Amino acid sequence: MSTSATAVPPPRVSRVPRDFYEELVRSTQGNRGGFLAERERWLRALPVEAREELLFEFEMLLRAVERYVHLHDNGVIDSQEQPLVTRDFREELKDVRATLSQAIRLARHLLDPDSTQKLQFRRYVETQLADDNMRRSRIEGERDQETPQESLFVLRQSFESLRNLIDHLLQLPVCGLSLFNDVGNLVLREIVLNRYFRPFRLTEFRLEYDRLRSVRLLTLLSTVPAETRPLYTTAYLGLFRLLHYLAYVSQDAQGPIPRRVRVVLALVRSEALGLVGYLKNELAPKAGPKPLQAACLRAARDIARETERIARDILVELDRDRAAAARASYAFTQVLQAQVVALTEALAPGSASGEAPFEQLASPMEAAERLRKDLWVFSQLCRGAEGHLRNDDVASAEAVISSIVAFLGYFQDGSYQLLRYVDYEAFDRFSALLTELPWPPEGPAVRTRLIEDLRGFSMVLENTFAAVSRRAQLRGFNFDRAEAELLRDRFLAATR
């Protein structure tokens, strides 16, 4: 019997490259992956403008309150104005109250009106129950939090109750240390017991908003060895998340400082020191050659030293100096951006040189140009495969499908990360289609379905291409079709 007659085709799942970033993010979520996947489905269906950014701010505030109620994170110990046991924590309670109020407003935005009305009506009906067992069953049912909507509604109601409690406590002559600690424990309990919106850990990420939207960094990381790539990616994601936090400080630092800014700065300080530990203890020992290890240790040292200086010289002035928040935000931003550049330069010397190297690395215009070009190439490949199938040219269609599979790996490591979160679902469905696709597509029914799927996804690609082309960053920049055609032809030639 000939060898060719017994050859076994490769497993179908290997047809399509996997999304490295999705695998990394999922691996950080531990046993909460199921809840978070359900939350992603809820978020994608939520008819609310800018829902991903609203959710990021909401979870940032949860994380900030979680840190702020610890005295080592909120700066109280640093001030050392008087013994803690005789200190009045009224101002810190006001900070917590203001942060809870903003979280309540965000939760209202994230709960669509229909869900809110249903949940409020159900709660009203349940509160009219006279039977003790029924009331207890209602309370236990709230803790079950069977859906993200219920989970968010329960958290919002709990925060409203806590805010009312704080309002009454602030009428006391003195709000002492034990009272502040007790309120902090109540807030922490509501946050930690929440099923779907429990804050992320330092190295835990969310697909909704943790993406590296830098063409140069994505390209660089695709060349990093597989064993260290997750470590460096985690470091970059951590740095950019801190910069994302600071954007909320900067936008509120022009007029009187909102009290929640103090809470967010406490979060930045705490997580910056947490990132120092990661760089020193996790990344540096496994970073690779000694120059890379040294770069990671220098980054950890610089962040730790600057964070200590900001806490000592600037954060202690927040009560007395309105400009202190802006100065702290600027100082944190400078040191974090510098470490992004330093790590990049260590991985690829010369790649982060010149004027404004961070702005070059994180250029929105470069990201938009790359995404626009890749969307056009993707749509051309899909239209080509569709045309061959309509003409019953299965051999040519197979070659183009192979090109699409190869291009998908290139796309996932780069432009996929530059998409809006709302766009991911269509791309994920198409990737799943390629994974499940029987080949060759025998029978008219299978071919018809494939033709329609290719046509539908081509329209998604073309609409997304048009939307990206309208972005402000690309205003005045014509589409370089010749360069896009060279990229398309490169992938077509590789499978001939």
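Start at Val-377: leaving aside residues up to four places away in sequence, Val-377 touches Phe-407, Ala-484, Leu-487 and Arg-488, where contact means heavy atoms within 4.5 Å. Val-377 has 0% relative accessibility, so it counts as buried (under 20% relative accessible area, with a 1.4 Å probe and protein chains only).

A word on the model: it is predicted, so local features need pLDDT of at least 70 and side-chain atom pairs pLDDT 80 or more, while totals for chains, interfaces and linings use all residues. Residues are numbered from 1 along each chain as its sequence is written, and side-chain values use heavy atoms, without hydrogens and water.

Now zoom out to helix 17, residues 364-390, where Val-377 is found; helices here are DSSP runs of H or I, at least four residues, numbered from the N terminus. Its axis and that of helix 21 (residues 481-494) come within 9 Å and cross at roughly 50°, with axes fitted to C-alpha atoms over the stretch in contact and angles running from 0 to 180 degrees between N-to-C directions.

As for the whole chain, it has 21 helices and 0 strands, and 49% of its 496 residues count as buried.

Key: Helix = DSSP H or I, 4+ residues; strand = E, 2+ residues; numbered from the N terminus. Buried < 20%, exposed > 50% of the residue type's maximum accessible area, 1.4 Å probe, protein only.
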